[in-house]
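Visitor: I am new to this structure. Could you show me how to read it, one feature after another?

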Amino acid sequence: MIERNATSSGFGGLRRNLARAKRLFQLIAIAVSYYTGVLWAYTWLALRGKAVVLTYHRVLPSELQRNSFSSNAIVVTPETFELHLRFIRRFLRPITPAEFTRKISSGEPFESRTCLVTFDDAWYDNMEYALPLLKKYGVPAVLFVPTDFPGGERYFWYDRLNRLLFYAWQHRGMADEVFDRLGARNVLSMDERGARAAIRSVVSNLRHSSEAAVDQTINELQAALKRARPELCLQGEDYFLTWSQLATLSKSEVFYIGSHAVTHTPMTEIDLDTVSEELVRSKLEIQQRLGLEPALFAYPNGNVNAHIADRVRDAGYAVAFTTEVGFVSERCSPWQLKRINMFEYAASSRRNLLARIAGLN
Ligand SMILES: [Zn+2]
């Protein structure tokens, strides 16, 4: 059962208040440094002779986010994305992935405030909402594709499970036994807001379960829902581009295609031979499907170590990106490049965007 223990909820309240106070202080510091010009000066100094690589995942209008179970940490609205592109056009120097790769490979210094835009996972909305804006502002980007994902039903299991449990909550009586088995029957009597939060916590607890147990729950829910409501679209807003859409994107002269491995399994969780196999297989598949050789790679989840980075180099990729935060200079290792992740709550104003780039937000 999901119950709140009085002691932990007391500590939880204190923690929440402290977090709120910290966030408030942070926002005030950002505003003061922004309006006095200190934040600008600091950021431009830090970006002297360096590039900043921005990570995006999804560009999804707020009204569609209701049907999405993606984490907030990977979504921006089209309005925020446009604000970012205007900022990049006005204050930074957008670079093509090819030119970025050439500079890193030849050890040539970057012009100050160079900016490379990257997208991970190949979500469907990248074509619908990101592409027109990238075109409008003439900003190139690289799209990292996990080659098992396009066109398939394979999205991250926790998004899928979140959605299926939510649908089962919406259509109570269809799969109540799954809630029983998960020890979460009380979710069925909650209102929507409470149910969404409780389901997230149920799914989060399942992260410690075996893959087989998770698969069993997903299959059971899917079968029950399909049986009861065959017309239900189980994918919501969370699905990926197809190979034919990727072919269109790769010809757009806006999106370059890079590899994000095959299965999106963090590479520190598989043995090195499997790492190499994923690296070679995803490269081959992109070559065969799209007729281009991907030179750029992004580590699933950002997980990497020196041995894995060597495998990426040996597989013939010229550069590879982690999720570690920082800037890029010609002195960085080409196979462990840092980036800055962008999402709505961290960067929905110009002020917060600048602070995010500076590493303060
Ligand atoms: Zn990813």
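Visitor: What should I know before I start?

Guide: This is a predicted model, where local features need pLDDT of at least 70, side-chain atom pairs count only at pLDDT 80 or more, and totals for chains, interfaces and linings use all residues. Residues are numbered from 1 along each chain as its sequence is written, and side-chain values use heavy atoms, with hydrogens and water left out.

Visitor: What is the mean pLDDT of the protein?

Guide: pLDDT is the predictor's confidence in each residue, from 0 to 100. Here the mean is 91, and 96% of the residues reach 70 or more. Over residues 1-7 the pLDDT is below 50, and that stretch has 11 contacts in the model beyond near neighbours in sequence. Contact means heavy atoms within 4.5 Å.

Visitor: Which domains does the assignment give?

Guide: Domain bounds come from an automatic or database domain assignment. For this protein they are domain 1 (1-36), domain 2 (50-153 + 238-358) and domain 3 (157-228). The centres of domain 1 and domain 3, taken over C-alpha atoms, are separated by 29 Å.

Visitor: Which residues coordinate the zinc ion?

Guide: Donors are N, O and S atoms within 2.8 Å of the metal (3.2 Å for Na, K and Ca); water is not among the atoms, so sites may look incomplete. In this model Asp121 (OD), His260 (NE2) and His264 (NE2) coordinate the zinc ion at 2.1 to 2.2 Å. Aspartate 121 sits in the loop between strand E5 (114-120) and H6, and histidine 260 in the loop between E7 and H12, so the pair ties together parts that are 139 residues apart in sequence. Helices (H or I, at least four residues) and strands (E, at least two) are DSSP runs, numbered from the N terminus.

Visitor: Are aspartate 121 and histidine 260 buried or exposed?

Guide: Buried means under 20% relative accessible area, exposed over 50%, and partly exposed in between (1.4 Å probe, protein chains only). Both aspartate 121 and histidine 260 are buried.

Visitor: Which residues of helix H11 are buried?

Guide: In H11 (residues 243-250) they are Trp243, Leu246, Ala247 and Leu249. Seen down the axis of H11, these buried residues fall within an arc of 160 degrees, so they line one face of the helix. The arc is that of the directions from the helix axis to the C-beta atoms. Their packing partners are helix H6 (125-137), strand E6 (141-145), strand E7 (255-259) and helix H12 (272-290).

Visitor: In which sense do E6 and E7 pair?

Guide: Two strands pair if DSSP finds at least two bridges between them. E6 and E7 do this in the parallel sense, over five bridges, and leucine 143 has isoleucine 257 in E7 as its bridge partner. Four of the five residues of E7 are buried, so this strand is largely enclosed by the rest of the structure.

Visitor: Where does lysine 103 lie?

Guide: Lysine 103 lies in helix H5 (residues 97-106), and at 9% relative accessibility this lysine counts as buried. Leaving aside neighbours within four places in sequence, lysine 103 is in contact with Ile95, Glu108, Pro109 and Phe110.

Visitor: And what does glycine 302 touch?

Guide: Not counting residues up to four places away in sequence, glycine 302 touches Thr322 and Thr323. This glycine lies in the loop between strand E8 (296-298) and helix H13 (306-314), and is buried, with a relative accessible area of 10%.
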